[in-house]
Amino acid sequence: MHAAAWCALLAALPAAADICKYSDKDGNLHYTNVAPEKGWKKISCGVGSSGNSAEKGSRTPTPAGFPKVDAGTQKSRDDLRRKVLTEELATEERLLAEARAAYANGAPAPLPEEKEVPQKYSERIAKLRQTVALHEKNIEALKKELATSR
C-alpha cells in the first residue's frame, strides 16, 4: 500500500484508537488499530493521537527559552544548503550520463566472460538499468528539494 493510502487510512480511523506499529516476518512495517496477523512483531503503540482532528492541525507553541536563529544566520544556512544540493544535483547528473553511456540503451557490448555465460550479461544489464533508474530518482528528488528551498 502506498504512503498516501496509509495516510488516508490513518485519517479515517477514530481519533481515540491506539494505532500500533508492527513488523511482519519479511520486515515490512504495518500500522493498525486491530489485532495483527500471526507472526507480526509489535514495535510501538500509541502512534495515533487521542485528541480530535482539530488538534492535529494546530501547532505546539515554541517553549520559552527555546533557542532562536536570527535571520542572517538562517539565510546563511539556507544558502549553504542550496549550494550543497546544487553540487549534489550536478554530481548526480554526471553520474546519470555515465550510467546511461554504460547502459547503452540496454545493449552494451558483452564482456569476454559474458560471451561464455549469457546469464552474466543479462545480470549486468539489469544492474546497469537499476543504476540509471537510481540516478534518475535522485535527480528528481534533488530538483524537488531545490524547488522548495527558500
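Helices (H or I, at least four residues) and strands (E, at least two) are DSSP runs, numbered from the N terminus. With that in hand, let's take a walk through the model.

**Before you click**

This is a predicted model, where local features need pLDDT of at least 70 and side-chain atom pairs count only at pLDDT 80 or more, while totals for chains, interfaces and linings use all residues. Residues are numbered from 1 along each chain as its sequence is written, and side-chain values use heavy atoms, with hydrogens and water left out.

**Stop 1: the whole protein**

Show everything as a cartoon. Reading from the N terminus, the elements go α-β-β-β-α-α-α-α.

Now switch to a surface. The accessible surface (Shrake-Rupley method with a 1.4 Å probe; for residues, only the protein chains shown count as cover) comes to about 11500 Å². Carbon and sulfur atoms hold 56% of that surface. Of the 150 residues, 18% count as buried; here buried means under 20% relative accessible area, exposed means over 50%, and partly exposed lies in between (1.4 Å probe, protein chains only).

What about contacts, meaning heavy atoms within 4.5 Å? Among those with a separation of 6 or more, 47% come from residues 24 or more positions apart.

**Stop 2: colour by confidence**

Colour by pLDDT, the predictor's confidence in each residue, from 0 to 100. The mean is 82, and 80% of the residues reach 70 or more.

**Stop 3**

Select the strands. They form an open sheet of 3 strands in the order β2-β1-β3, with antiparallel pairing. The edges are β2 (29–32) and β3 (41–44), each pairing on one side only. On average, neighbouring strands here are turned by 35 degrees against each other, direction ignored (axes are lines fitted to C-alpha atoms, for helices over the stretch in contact, and angles run from 0 to 180 degrees between N-to-C directions).

In general, strands of a sheet pair through backbone hydrogen bonds, either parallel or antiparallel. Two strands count as paired if DSSP finds at least two bridges between them. Strand β1 (residues 20–23) pairs with β3 over 3 bridges and with β2 over 4 bridges.

Zoom in on K21. Which residues are its bridge partners in β2 and β3? In β2 the partner is Y31, and in β3 it is S44.

**Stop 3: the hairpin loop**

Follow the chain from β1 towards β2. This hairpin has 5 residues between the strands, and G27 takes a positive phi near 90 degrees. K25 belongs to the loop between β1 and β2. Is K25 buried or exposed? K25 counts as exposed, at 76% relative accessibility. Draw a distance from K25 to G39: the two are 14 residues apart in sequence, but 6.4 Å apart in space, C-alpha to C-alpha.

**Stop 4: two positive phi angles**

Jump to the loop between α3 and α4 (112–116), where you'll find A104. Phi of A104 is near 50 degrees, a positive value in a residue other than glycine. A104 is partly exposed, at 35% relative accessibility.

N105 is in the loop between α3 and α4 as well. Phi of N105 is also positive, near 55 degrees. With a relative accessible area of 78%, N105 is exposed.

**Stop 5: a buried histidine**

Finish at H135, in helix α5 (residues 118–148). Why does H135 count as buried? Because its relative accessible area is 10%.

Show side chains here. H135 and E92 are joined by a side-chain polar contact of 2.6 Å. A polar contact is a pair of N or O atoms within 3.5 Å; within protein, one must be able to donate a hydrogen and the other to accept it, and residues adjacent in sequence count only if both atoms are side-chain atoms. Leaving aside neighbours within four places in sequence, H135 is in contact with E92, L95, L96 and A99.

How values were computed. Contact means heavy atoms within 4.5 Å.
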